[in-house]
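View it alongside the structure.

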Amino acid sequence: MDSIYIYGGNFLRGETKIQGSKNAVLPILAASLLVKGTCVIKNCPRIADVCHMQNLLQELGCLVSWAGSTVTVNAFHVNDSRMNGESVTRMRSSIMLLGAVLGRLGEVAMAYPGGCVIGRRPIDIHLSALRDMGVEIGEQDQLFTAKAKKLHGTELELPFPSVGATENVILAAVTAEGTTVLKNAAKEPEIEALCGFLKEAGADIDGVGSSRLVIKGVKALHETKYTVPSDRIVAGTYLTAALAAGGSIFLENAPAGQMKALLAVAEKMGGCVTVNGEGVGLDVIHKLNAVPYLKTEVHPGFPTDLQSPLMAALCLARGESIIEESIFENRFRIVGDLQRMGAEIKTVQNKAYINGVEKLQGTDVEAEELRGGAALVVAGLAAEGKSVVKNRHFIERGYENICKDLRNLGADINIG
Ligand code: UD1
């Protein structure tokens with residue numbers, strides 16, 4: 001029922017269009033709370049996490065509607081600052097609402113956010129930055145509470161460029177009193193998208209794309225329209241599928257400029273990458289080379305979200321690859337399943353040593369989280385025979401229709 005069935009071992013051939021970005025749309029939807037009116041957000045992916053965010057916005061009093069891939073949020077009446085629903089605990093990005101609700105109402109009470117099981121994922125950096133902006137953090141009825149008599153700008157330096165904490169500071173700062181200078185901010189493209197949306201709505205933000213943001217608080221934001229950029233991680237996942245299975249694919253709308261680290265790896269492995277104004281192509285004709293050493297890093301380094309999908313491809317590369325995971329401590333959960341498919345992988349702390357094998361064998365595997373689940377699909381496409389990836393609901397948190405997309409690329413894959 002909750003599974004994906006794959007008959008693997010065939011080359012991929014074809015083209016598919018890349019959906020809107022999950023990690024961009026979630027904070028943008030949260031940001032729409034700051035606009036006392038209507039925001040029209042185009043190119044939204046219909047994925048489980050976006051539906052959770054929609055539920056949360058509705059709990060807070062927003063009217064949210066879909067027309068095709070366009071979401072309209074009317075946040076004129078936002079009066080409830082309590083969020084204890086399942087949507088909070090099921091999705092890490094519900095933490096985005098902390099900065100947004102604080103900016104709108106000055107207080108919030110919410111359950112501790114959930115999300116993927118890829119690490120401890122604390123929120124200390126978020127809370128410490130918000131405290132500096134005048135927020136008092138407490139706990140009440142098993143919810144955590146945040147209150148600010150007046151949010152005020154200040155000078156902040158994050159101890160680590162956390163994506164979520166950067167987004168929360170931005171959301172709290174755009175309508176705070178005075179100027180916020182945020183140093184060591186995350187530079188992920190999704191931060192640029194959030195700032196792009198907020199600037200369209202009248203926010204005053206300088207330094208977008210750099211690690212130093214200067215945000216001058218404005219009195220109010222106004223109604224706006226915005227188009228969410230394409231999802232670099234979804235595009236990256238499909239590129240790793242071609243690296244694993246071989247073939248010739250084209251990904252329409254793939255944001256090549258945001259994918260430089262992966263494209264460089266694909267070329268080093270021996271793939272032939274082409275980039276034009278419409279997207280990204282990849283040809284993989286021969287057996288690929290291993291990657292002697294790769295470390296996940298903050299943007300523009302190699303993204304942690306593509307570490308597992310790439311690992312699946314490296315299982316079949318010629319020679320030994322070493323991957324060091326430096327962002328999340330629990331992102332090798334797929335190793336056991338890959339080994340059962342015939343992969344030779346050894347892990348020592350946060351390093352994985354992958355010795356390329358001739359072939360993988362299809363088998364039943366179980367997704368435990370979003371990107372790891374997608375990586376098992378990648379492995380299934382490259383493996384000979386039938387693979388069943390159970391728990392597809394994890395994958396559907398981030399991929400609108402992974403089976404359809406991969407069928408467009410010639411794969412034999414279906415849900416069941
Ligand atoms: C976001 C992305 C996720 C991606 C990650 C890193 C969204 C919805 N999710 O997650 O797909 O994998 O960036 O690129 O955009 N940390 C702390 N304390 C904090 C905050 C973070 O210790 O207060 C640690 C985390 O445990 C983790 C690291 O910092 O080890 C990175 O986390 P962060 O950049 O905040 O990632 P997320 O925003 O959760």
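## Helix H6

In H6, the buried residues are Gly164, Ala165, Thr166, Glu167, Asn168, Val169, Ile170, Leu171, Ala172 and Ala173. The model is predicted. H6 spans residues 163-173, and ten of its eleven residues are buried, so the helix is largely enclosed by the rest of the structure.

## Leu171 in H6

Leu171 is part of helix H6. Its relative accessibility is 0%, so Leu171 counts as buried; the cut-off for buried is under 20%. Setting aside residues up to four places away in sequence, Leu171 touches Pro27, Ala30, Ala31, Leu34, Met96, Gly99, Ala100, Leu194 and Leu198.

Met110 gives a distance reference. Leu171 and Met110 are separated by 61 residues in sequence and by 17 Å in space, C-alpha to C-alpha.

## Nonpolar cores

In soluble globular proteins, nonpolar side chains tend to be buried together. Here the largest nonpolar core has 78 residues. Which of them touch the most other members? They are Leu97, Leu98, Ile170 and Leu198. H1 gives the most to this core, with seven residues.

Ile170 can be followed in detail. Not counting residues up to four places away in sequence, Ile170 touches Ile191, Leu194, Cys195, Leu198, Ile205, Leu213 and Ile215. Another core, of 76 residues, lies apart from the largest one. Leu263, Val335, Ala375 and Tyr399 are among the residues of this other core.

## Helix pair H1 and H2

Helix H1 covers residues 22-31 and helix H2 covers residues 48-59. Their axes come within 10 Å and cross at roughly 5°. That angle makes H1 roughly parallel to H2, because angles under 35 degrees count as roughly parallel.

H1 brings Lys22, Val25, Leu26, Leu29 and Ala30 to the contact. H2 brings Asp49, Val50, Met53 and Leu57. By class, the contact of H1 with H2 has seven nonpolar, two charged and no polar residues.

## Helix pair H8 and H10

H8 (residues 232-245) packs with H10 at an angle of about 10°. The axes of H8 and H10 are 8 Å apart. H8 is therefore roughly parallel to H10.

The H8 side of the contact consists of Thr237, Thr240, Leu243 and Ala244. Pro309, Leu310 and Ala313 form the H10 side. By class, the contact of H8 with H10 has five nonpolar, two polar and no charged residues.

## Two buried loop residues

Ser21 sits in the loop between strand E2 (12-17) and H1. Is Ser21 buried or exposed? Ser21 is buried, with a relative accessible area of 3%. Its side chain reaches the backbone nitrogen of Ala24 at 3.0 Å. Leaving aside neighbours within four places in sequence, Ser21 is in contact with Pro45, Glu190, Val228, Pro229, Ser230 and Asp231.

Asp305 lies in the loop between strand E18 (294-295) and helix H10 (307-314). At 15% relative accessibility, Asp305 counts as buried. The side chains of Asp305 and Arg331 make a polar contact at 2.8 Å. Not counting residues up to four places away in sequence, Asp305 touches Asn23, Ile233, Arg331 and Arg371.

Conventions:
Residues numbered from 1 in each chain as written. Predicted model: local features only at pLDDT ≥ 70, side-chain atom pairs only at ≥ 80, totals over all residues. Heavy atoms only, no water. Axes fitted to C-alpha atoms, helices over the stretch in contact; angles between N-to-C directions. Helix = DSSP H or I, 4+ residues; strand = E, 2+ residues; numbered from the N terminus. Parallel < 35°, antiparallel > 145°, perpendicular 65-115°, else oblique. Contact = heavy atoms within 4.5 Å. Nonpolar A, V, L, I, M, F, W, Y, C, P; charged D, E, K, R; others polar. Buried < 20%, exposed > 50% of the residue type's maximum accessible area, 1.4 Å probe, protein only. Core = buried A, V, L, I, M, F, W, Y, C linked by side-chain atoms within 4.5 Å. Polar contact = N/O pair within 3.5 Å; in protein donor to acceptor, adjacent residues only side chain to side chain.
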